[in-house]
Amino acid sequence: MNTKNKGFNTKLVHAGAFDDPFGSAVTPIYQTSTFAFKNAQHGADCFAGKSDGYIYTRIGNPTINAFETAMAELENGFGGIATSSGMAAVSSVYFALLGTGKHIICSSSVYGPSRGILERDFSRFGVEMTFVNTSKISEIQKAIKENTEVLYIETPTNPTMQLTDLVAASELAHKHGIKVVVDNTFSSPYLQKPLDLGCDVVLHSVTKYINGHADIVGGVIIAKEEEMYKKIRASMIYLGGNMDPHQAFLTHRGLKTLSIRMEKAQENAMKVAEYLEKHPKVEWILYPGLKSHPQHELAKKQMSGFSSMISFGLKGGLAAGRILMDNVHLALLAVSLGGVETLIQHPASMTHAGMSKEARKAADITDGLVRLSVGIETVEDIIHDLDQALAKV
Ligand code: LCS
């Protein structure tokens, strides 16, 4: 079915599907590493790009391609590139767009390894980098250099929930010929479409809201323009960070319910955030849906909902947070996020432990910060769980 002009929910369910010879209602798993050519000429034509046809699963595969097509339609981009993990998506984009002597500006608070691979590995190849709070457009402006190639933004950021104005950031970057890459993991295209807001590339850890069931690790990149799409796909193929067909099948299955999962999760998150905000043991809380969030107005403008990630700190800091995490029963004490189950974790000792203490401080990732990924369980149960654990603090 051609879903190009259909609504978002129709795209979630049908985009990417192709005519199956047996009429299969869902895209089958083409669990194969390679594809037979009709003859030698066909093989040569496939490699020369003169004929459509699959060659080898690292290069392309019908099951993976169905998911990539769906994601490109949902993000309003030219094409999608599915990867083995969110980090394979991040590193394929860096690999494609950076090089010796090039400079990248990156949000200071991003998922730890998205920053770590720049500091530890790309720096070894002569890539220059500046980490700034991209929610302040003036800080981006100050960081721009002659050789700046890429502006890499997470919004909202993991785990500090800072938002960046994507329209303003893209306008500024494009004036200087800089490409804008957005990690849209925390929002998903259901709530935020960076390419529509002027950005050039969007990527996801599909491990999170896109798949939504905590049973795969994966990633995807979507480029707005054909040239950029081809450049990143070529790099992904050489790096070898492709998704596999079974992973693509599961992720595409999860994707179909993105909107109803997100609606329920964010409805729950709003109630949990309101509960925590009033709790006497909570010192501070950041949730874009709360009026107290410093960028609540930007969230309303740029996103169509507030997602289900909450960061907060208790009076008593880390010691109090540890007691809370050790006493929850329904929420799993686990990293990752965006699944149907509620998760709680401590970024300074877990997801962002790889950053130096100074870098964490500069990025506002305090030792007392506790991160909650609110799931779709009965909200009274989630609140009751937090309530009984907070009573022990
Ligand atoms: N981008 C963001 C915003 C993420 O949160 C993560 C993983 C990645 C990229 C990397 O994706 P992966 O390779 O894991 O699929 N974030 C995690 C987190 O906050 N806890 O565990 C993983």
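The notes below take up these topics in turn.

This is a predicted model, in which local features need pLDDT of at least 70 and side-chain atom pairs count only at pLDDT 80 or more, while totals for chains, interfaces and linings use all residues. Residues are numbered from 1 along each chain as its sequence is written, and side-chain values use heavy atoms, with hydrogens and water left out.

**Ligand site**

- The ligand is surrounded by 18 residues, of which the closest are Asp183, Ser205, Thr207, Lys208 and Arg371; a residue counts as near if one of its heavy atoms lies within 4 Å of the molecule.
- By class, this shell has 5 nonpolar, 9 polar and 4 charged residues, where Ala, Val, Leu, Ile, Met, Phe, Trp, Tyr, Cys and Pro count as nonpolar, Asp, Glu, Lys and Arg as charged, and the others, Gly among them, as polar.
- A nitrogen atom of the ligand lies 2.6 Å from a polar side-chain atom of aspartate 183, and a nitrogen atom of the ligand is 2.8 Å from a polar backbone atom of serine 336.
- The backbone of glycine 86 places a polar atom 2.9 Å from an oxygen atom of the ligand.
- The protein buries 93% of the 470 Å² that the ligand exposes when taken alone, with accessible areas taken from the Shrake-Rupley method with a 1.4 Å probe.

**Helix pair**

- Helix α4 (residues 86–97) and helix α5 (residues 112–120) have axes that come within 10 Å and cross at roughly 35 degrees; helices are DSSP runs (H or I, at least four residues) and strands are runs of E (at least two), numbered from the N terminus.
- These axes are lines fitted to C-alpha atoms over the stretch in contact, with angles from 0 to 180 degrees between N-to-C directions.
- Met87, Val90, Ser91 and Tyr94 in α4 meet Pro113, Ser114, Ile117 and Leu118 in α5, contact being heavy atoms within 4.5 Å.
- This contact of α4 with α5 has 6 nonpolar, 2 polar and no charged residues.

**Loop between β4 and α7**

- Proline 156 sits in the loop between β4 (148–154) and α7 (166–175), and a cis peptide bond with omega of about -10 degrees joins threonine 155 to proline 156.
- Proline 159 is found in the loop between β4 and α7, where a cis peptide bond with omega of about 5 degrees joins asparagine 158 and proline 159.
- Methionine 161, in the loop between β4 and α7, has a positive phi of about 55 degrees although it is not a glycine.

Note on methods. Polar contact = N/O pair within 3.5 Å; in protein donor to acceptor, adjacent residues only side chain to side chain.
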